[in-house]
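Let's take a friendly walk through this model together. Have the viewer open and follow along.

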Amino acid sequence: MGSRASTLLREEEIEEIKKETGFSHSQITRLYSRFTSLDKGENGTLSREDFQRIPELAINPLGDRIINAFFPEGEDQVNFRGFMRTLAHFRPIEDNEKSKNAAVSEPLNSRTNKLMFAFQLYDLDRDDKISRDELLQVLRMMVGVNISDEQLGSIADRTIQEADTNGDNSISFNEFIKVLEKVDVEQKMSIRFLH
Amino acid sequence: MAELRPARCWRTGFFFCLWLLLFLSVASGSLVVVSGSNETSGGPAGDTPEDPHHQTNSTTHKKAFPVLSFNYQDVRKPFVISLWILLALLMKLGFHIIPNISNVVPESCLLIGVGLLVGGIIKAIGEEAPVLDTKLFFHYLLPPIILDAGYFLPIQAFMENMGTILVFAVVGTLWNVFFIGGMIFAVCQIEGVQLAGVDLLSCLLFGSIVSAVDPVAVLAVFEEIQINELLHILVFGESLLNDAVTVVLYHLFEEFSHAGTVTVLDGVLGIVCFFVVSLGGVLVGAIYGLLGAFTSRFTTHTRVIEPLFVFLYSYMAYLSAEVFHLSGIMSLIACGVIMRPYVEANVSHKSYTTIKYFLKMWSSVSETLIFIFLGVSTVAGPHAWNWTFVISTVILCLVSRVLGVIGLTCIINKFRIVKLTKKDQFIVAYGGLRGAIAFSLGFLLTDNERKNMFLTAIITVIFFTVFVQGMTIRPLVELLAVKKKKESKPSINEEIHTQFLGHLLTGIEDICGHYGHHHWKDKLNRFNKAYLKKWLIAGERSTEPQLISFYNKMEMKQAMMLVESGSAAKLPSVLSSVSMQNIQQRGSGNRRAIPSISKSREQEIRKILRSNLQKTRQRLRSYSRHDLMIDPFEDNVSEVRFRKQRVEMERRMSHYLTVPTNRQESPSVRKVCFEPEHQVFTYDNSESPRDPRARPDPGPLDAISLVSESQGPNQSREPRAKVPKEQEEQDQLKLSRCLSDPGPNQEEDLS
């Protein structure tokens, strides 16, 4: 265990993760220990079963989708880098970062990227639009089984109608951003990793 | 010019009445005071000038039957109270009639000014003015304001900022008390200010009275400047929660100043007492809140008294907490907060409106009276002015507030996601107003030789904060461009996405193994759904997910708006919903176009309408003073029926729509179409019924809804957004259409 730990979490790797995600040293080490505790197979990667073993995720209506969000297209295993990359979306936006000019691209936890992450959880077929069906699926997951299809359908229609500005009966990413402009996304989509 | 004159006439007439009433109240007020102290002398004094008849009659041998008699004594007390309240409210009215004044001067200042004036008049007459009695204040005037604030507290914002609010309330108040108390003691030690007799404990006691931010004053001022929600909830939340600290410290120091010595044990007990007072208050409030929620579950048959339960349980919570010297304010807030979601799910819409308006009304009256009495008491009360003491108090209050806020924010910002900026800090510091609670607590001081001096200083601080800070905060807010409150319509998108994000964040937190804010909120929601809702909410609504109730509420609101606006043509841009999109603007002439339908069809419709209207009329019960007027279209049962019918309707609609489509192309459909030029669309069974072609031409309400049956299921939701008044009529109509349309031939055959 000791030797593997040292090979998997070298200083250079920590530095790279730091640069990519913006996490601090202590946060990275802490999350690494969480990663290893989830990694029952001890092969340095997590599979879907590892995630599903977390009890609270099983009762979360969006559990499956969240798990899928960690795995890149078509793959079944996620390594620590990928794990951190996904979690980086939820880092709180710091004031000093706002003023800093984006080095290469926008930091992973910018408002737009946070919203993009959420958008992709709706938009499973990755066509950059939330169609009525996709919306209905999410609604059905959140609301449970007691509500009739027609009622859900009407809610979905109304939602699309409210958000849709270009008349294509689906919600594009820009419309999604616009609808949430009054919501304090920075606060709602951030987890306090700082202790 | 001609228009202005009548308006001005009315205004001058109004003010004349106002002054007359003012004089009357002063006169009767003085009568009360005089009578209060001397029962017998008041009577004849009131009687004699007014009624010579009575006197002369009594001297004759037989008393003639008194046609008109004067007996002021019996109704004196309620009369005077009502007169004072009436005066206060007329003043409030007057301020809003005078143009421009309410923009510059906050209402609280004006009311204090009026109080000063009235107090001055009373004093000039030579009578004793009514003072802001502590019992009156704490038992009658304060609870409505706190209940109003607590019941409508924005829970989300409050919970999210709970940590910050607690730090400001507890640590901030403690800092204020000790800083002010200590520094005042230091000032008193200075030679030559004649303040040598004031010991440390008295100073600390004084500090504890004067340092608490007052919810009444904060509400009064912040309501008018419409500041953004975060700042509002920070200052307001602080003013509510610091009550526990104030109560404990006040009693603590009062006990100590009698006892004389302080030991470590006393200090520890004090800290324990703080926890007992605050948590005990919350517990008492929670118990009453749950009781109130539980009671509201059974009120389906006695809707009229529903609001009373809310008020009485809350008031009992307040009084029960006061019995044990717990924090009454926290108890009241806890009661309102806990009771609200369940009560709102259970009570009728009318009761909800009643509760809302009664709370607002009472709190408004209370606030007005408090400020006026504050003014009157200022003029009346015995004063002992000491320049040094007063000036240093004012300065120290300001300084300690600023230092406290800055210092605490540095610590708090380390733990906040959204940090507090300098502007925020300034507003929080500047918004720390003192008010009537400080005055009443000061009034409660017993056998303290410096009581008058303390009172004078407290009043000066109150006046300074309310007048100077209250008046200048609005221009400062403008100057600093502080974010204002965002006006936002309820949006189903925001609701859905916020819930979505909530679930998402809970999941992420679980993956990280981090038990944070979302995790506990989710646990609380689960507990709520599993246990509390089952017990506390009546009927089928106990299992309704939050999203659905939100959606229903929105639809209901829109339907109400439709009723109020009167005609569909007036609200094209405001509403945006599936059903509303069909009700678009049209030339007024066309809306009333008489549909061209066959005679027999018309007969049928008329028959159906008539029979249904008759049915509803039969439901009227016998008249009773305690029944709310049972309107055939709007009785309390209609909401549930509304929902049930809607579900019923949709089931029928979808049934008939999924029945083989060939019928849709038959000309019989066209026959019942009210708008002849409307196209008939083939029913598209695919999953995306919102085909751009499917968007109908603007047409009369009837036409759209009728032909919509041939379109996708999206149109079938039309009935829900209809005017509730016509709801039943429409539903029956649609039902009959549904029943008859797919086979109108059958009907005609039968008839």
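A salt bridge here is a side-chain nitrogen of Lys or Arg within 4 Å of a carboxyl oxygen of Asp or Glu. Keep in mind as you look that this is a predicted model. With that rule, two salt bridges turn up across the interface of chain A and chain B. In one of them, the side chain of A:Arg158 meets that of B:Glu555, at 2.5 Å from N to O. On the chain A side that touches chain B, the most residues come from helix H11 (residues 149–163), which gives 11. By type, that side of chain A holds 34 nonpolar, 10 polar and 14 charged residues.

Now step back to the whole interface. Here 58 residues of chain A are in contact with 54 residues of chain B. The size of an interface is often given as the accessible area lost when the parts come together. Between chain A and chain B, the buried area is about 5600 Å², and carbon and sulfur atoms give 64% of it. Nine residue pairs between the two chains are in polar contact, with both residues at pLDDT 80 or more.

Next, turn to the nonpolar cores. The largest has 134 residues, among which B:Phe137, B:Leu142 and B:Phe222 touch the most other members. Helix H12 (residues 229–259) of chain B supplies the largest share of this core, 16 residues. Which residues is B:Leu142 in contact with, leaving aside its neighbours within four places in sequence? They are B:Phe137, B:Val216, B:Tyr318, B:Ile329 and B:Ile437. A second, separate core has 65 residues, including A:Ile66, A:Leu115, A:Ile147 and B:Phe500.

Note on methods
Residues numbered from 1 in each chain as written. Chains lettered and ligands numbered in written order. Predicted model: local features only at pLDDT ≥ 70, side-chain atom pairs only at ≥ 80, totals over all residues. Heavy atoms only, no water. Contact = heavy atoms within 4.5 Å. Buried area = accessible area lost by both parts, 1.4 Å probe. Polar contact = N/O pair within 3.5 Å; in protein donor to acceptor, adjacent residues only side chain to side chain. Helix = DSSP H or I, 4+ residues; strand = E, 2+ residues; numbered from the N terminus. Nonpolar A, V, L, I, M, F, W, Y, C, P; charged D, E, K, R; others polar. Core = buried A, V, L, I, M, F, W, Y, C linked by side-chain atoms within 4.5 Å. Buried < 20%, exposed > 50% of the residue type's maximum accessible area, 1.4 Å probe, protein only.
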